[in-house]
Amino acid sequence: DMKLRYKAVTKDSKIVRGLVEAKDTAEAVNYLRNKELVPVSVTEDRRNDISAFIPFFGKVKKGDLVLFTRQLSSMLSSGLTLIKSLEILKEQMVGKAMYEIIDSIVSDIEEGKNFSSAIAKYPEIFSPIYVSIIRSAEASGLLDTALARMADNLEKQAKLRNTIKAALTYPAIVIALMIFVVFVMMTVVIPQLSGLYESLDVELPFTTKIVIGLSQFTVTFWPFIIVGLILGIFLFRRWHKTEPGKLIMDNLLLKIPVFGPLLKKLILTEFSRTLSLLIGSGTLVVDSLVQTSDTLGNIHYRNAVVDIAKKVENGVTIGDSISSYALFPPILVQLVKIGEQTGKLDETLMKASEYFEDETDQAVKTLTTALEPFIMIILGLGVAFLLVAVITPIYSLISAIK
């Protein structure tokens, strides 16, 4: 089957556009007529070809998914049918990509597929966890509740991501500008000054010789430096994808001062929130742990959760299983044990996620506070070194003239 883009007219003379999968144009036309639509044009969809070259073309934003989830939950709660809710939502979507995805979901449901199977066709938008929770909710008939919880989860994820982005934006800009200024100094300013010093035959101090040497090296080999950096990044990324690379790097990341504890809190927030959502939706505990492990970015946490799932499968409680791993703090162990004893594990895990979220916010503030003076000290030392290297020969020359 190929994707075909269509334009058609409804019974009440409204123009509708969308995407349909069919063997050929004739099949697509028949499909549209069966839906009581009068086809105006049916053409092959070329957008996927363009998307391969322009990565951000037609991309669904995170905000679109949050809006979709929240509004669908509200509509279902108010008594609207799933198809009617999706039809209304489709018209509200600003982005064309999301419009077409909802249109395809509606078509699949009309053909007899359930909602979870329809959204599973778009794994880049609807994560396996999202699909799993929807599948469980369909079985229990609590789709609106599950969507509301999913929307809360997505909003919290977005908030946390934005907090960390905001904290790291300033240092990233300062470091990028610092690298740019040093590159300009080494390739433009220092070569001119070194020419001046040579013509005046001044005895150069050691610091100036270092700077001029670095400048000459940069001017001569700058294409090789850039190629070397790109190659280094490429090789590092390939190594990081291997098992030994992940084990070494993920361990180092957890041990970095200030940043390491922040990363741990982030992982623990995601772990407890995702596990809470899955268990709360009725997914089996072992399946919930396995699915949660897939969402964790750090291989050490991922391996630990897979091992915990195996222990739980053999009859050990989650609380006892996680207590043997230093990666999980005592507060999480205690909350899990309380949850298991009271039969409200999803609630205590959600409380744990809120606790770690607050801790993450605090860690971000600490990171921001620690980074600013550190960057200022590095900048100050760099500027001081350059000034001493550049001004000392000029000062020596003025002294000689006097």
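Which residue in β2 does Val9 stand opposite? Select Val9 together with Ile15: Ile15 is the residue of β2 that faces Val9.

The model is predicted, so local features need pLDDT of at least 70 and side-chain atom pairs count only at pLDDT 80 or more, while totals for chains, interfaces and linings use all residues. Residues are numbered from 1 along each chain as its sequence is written, and side-chain values use heavy atoms, with hydrogens and water left out.

Next, display β1 (residues 2–9) and β2 (residues 15–22), which pair in the antiparallel sense over eight bridges. Strands are DSSP runs of E with at least two residues, and helices are runs of H or I with at least four residues, numbered from the N terminus; two strands pair if DSSP finds at least two bridges between them. Five residues lie between the strands of this hairpin, where Ser13 has a positive phi near 65 degrees.

Proceed to Glu36, in the loop between α1 (25–34) and β3 (38–44). Phi of Glu36 is near 60 degrees, a positive value in a residue other than glycine. Glu36 counts as partly exposed because its relative accessibility is 48%; buried means under 20% relative accessible area, exposed over 50%, and partly exposed in between (1.4 Å probe, protein chains only).

Finally, select helix α7 (residues 128–140). Its end C-alpha atoms are 19 Å apart, which agrees with the 18 Å that 13 residues should span at 1.5 Å a residue, the expected span being 1.5 Å times one less than the number of residues. Among the buried residues of α7 are Ile129, Tyr130 and Val131. The buried residues pack against α3 (62–77), α6 (115–119), α8 (143–200), α11 (259–280) and α12 (285–295), contact meaning heavy atoms within 4.5 Å. Just after α7, Gly141 takes a positive phi of about 75 degrees.
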